[in-house]
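Here are some notes to read alongside the structure. Please keep the display open while going through the numbered points.

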Amino acid sequence: MVGYAFMGVAHAQAWRNAPRFFDLPLAVDMAAVAGRNEAAVRAAAATQGWRDVETDWKALVGRDDVDLVDVCTPGDTHAEIAIAALEAGKHVLCEKPLANSVAEAEAMAAAAAVAPGVAMVGFTYRRVPAIQLARSLVADGRVGTVRHVRAQYLQDWIADPAAPLSWRLDKQKAGSGALGDIGAHIVDLAQFITGEQVTGVSAVLETFVHERPVADSSSGLSASSSSGRTGPVTVDDAAIFLGRMSGGGLATFEATRFAYGRKNAIRLEINGSAGSIAFDFEDMNVLHYFDAAEPATTAGFRRIVVTEPEHPFVGAWWPAGHGLGYEHAFTHQVVDLVGGIATGAAPSPTFADGLQVQRVLDAVERSAGADSVWTPTKES
């Protein structure tokens, strides 16, 4: 694994847990983790369960005892690391969004198409059991033709203007702000659940706080500052866009990190010609379903607690009703990835899927145009 902070911790736990709860077709050996700070990466290896460390990701990619490279770094390094790993014959798991630009994502997808290894992008929320059930209901025709998709991803971790300037607020490292960090997830989920693609967008991006205290240190979503210096925010704080789905339905998307009181609210509602489904990640074990065929006297949203052994992935965990958490979807991601490696079938989302989401994000930026925090070139 390359990177060991917030996402690295989640991925490492998944690599540890997957073989303990699921009957995997291949053994998992956590060979090595890479990071530039030797003391920090050694401390991470000790707590996360890695056997060895590297301070250069190129050395990790070149190791004979590494068959898969898990990329958990900021977006500006995804393409270089993933392509090098694929060209070295390794399997690759890469965190989302796939890249910081369409050009980078195209290069990654092209490398994956000719590489002997499996390449997968980490849109982890796909593997929440309630999301899997939602997709099944749509595929089975239980909501009919999709008319509306409403998708929100709401957080509040930088709503305070005094929150420090972390790498996620730097366009060079992150590519974009709320749009790529969390908007990418709801674009992917909307497409995954409906089985359709976003085919056009009309968008607005906004940056509410343009200067922030420069961070002395940061890890994951946490940062601290004591220098008194400030620096510019070069990404969007919020993204709102309309879209059209390939099946003819309309979609609305909202991604913001300025929604006080919303910690990790991924809200999805699908309205179709035969019913509706609704989901909120802050109540992640529940899916709401409305059947339009029910008589009006008893019709209403049905609350489905998605914790039965018959639900996707759940049978490997706890007795019904005991609930899963944020970390479990990462374990399910490992299960599907290892299964794909064993059979030679690339599990979704592939790098091609990641590229398609990147194209939607790019269309949003171009649609926002002069209202964006970026100044578009004439060519764009």
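1. Contact means heavy atoms within 4.5 Å. Helices (H or I, at least four residues) and strands (E, at least two) are DSSP runs, numbered from the N terminus. Axes are lines fitted to C-alpha atoms, for helices over the stretch in contact, and angles run from 0 to 180 degrees between N-to-C directions.

2. This is a predicted model, in which local features need pLDDT of at least 70 and side-chain atom pairs count only at pLDDT 80 or more, while totals for chains, interfaces and linings use all residues. Residues are numbered from 1 along each chain as its sequence is written, and side-chain values use heavy atoms, with hydrogens and water left out.

3. Confidence comes next. pLDDT is the predictor's confidence in each residue, from 0 to 100. The chain has a mean pLDDT of 94, and 94% of its residues reach 70 or more. Over residues 370–380 the pLDDT is below 50, and this stretch has 18 contacts in the model beyond near neighbours in sequence. Where pLDDT is low, the predicted coordinates should not be read in detail.

4. Which strands form the open sheet with parallel pairing? They are three, in the order β3-β4-β5. Two strands count as paired if DSSP finds at least two bridges between them. β3 (68–71) and β5 (119–122) are at the edges with a single partner strand each, so one side of each has no neighbour in the sheet. On average, neighbouring strands here are turned by 10° against each other, direction ignored. Between β3 and β4 (residues 91–95) there are four bridges in the parallel sense; L68 has H91 in β4 as its bridge partner.

5. Two helices lie across this sheet. Helix α9 (residues 328–343) lies across β3, β4 and β5, at about 155° to β4.

6. The other open sheet has eight strands with mixed pairing, in the order β7-β12-β13-β6-β14-β15-β16-β17. Its edge strands, β7 (198–206) and β17 (302–305), each pair on one side only. The twist from one strand to the next averages 15°. β16 (residues 286–291) pairs with β17 in the antiparallel sense over four bridges, and L287 stands opposite I304 in β17. α6 packs on the sheet, and its direction makes about 20° with that of β16. Helix α8 (residues 178–194) also packs on this sheet, at about 150° to the direction of β13.

7. A salt bridge is a side-chain nitrogen of Lys or Arg within 4 Å of a carboxyl oxygen of Asp or Glu. The count by this rule is 17. D336 and R127 form one of them, with their closest N and O atoms 2.7 Å apart. This pair links distant parts of the chain, since D336 is in helix α9 and R127 is in the loop between β5 and α6 (129–139), 209 residues apart.

8. Buried means under 20% relative accessible area, exposed over 50%, and partly exposed in between (1.4 Å probe, protein chains only). Why does R127 count as buried? Its relative accessibility is 4%. D336 counts as partly exposed because its value is 26%.

9. E269 and R150 form another salt bridge, the closest N and O atoms being 3.5 Å apart. E269 is in strand β14 (residues 265–272) and R150 in strand β6 (residues 146–154), 119 residues apart.
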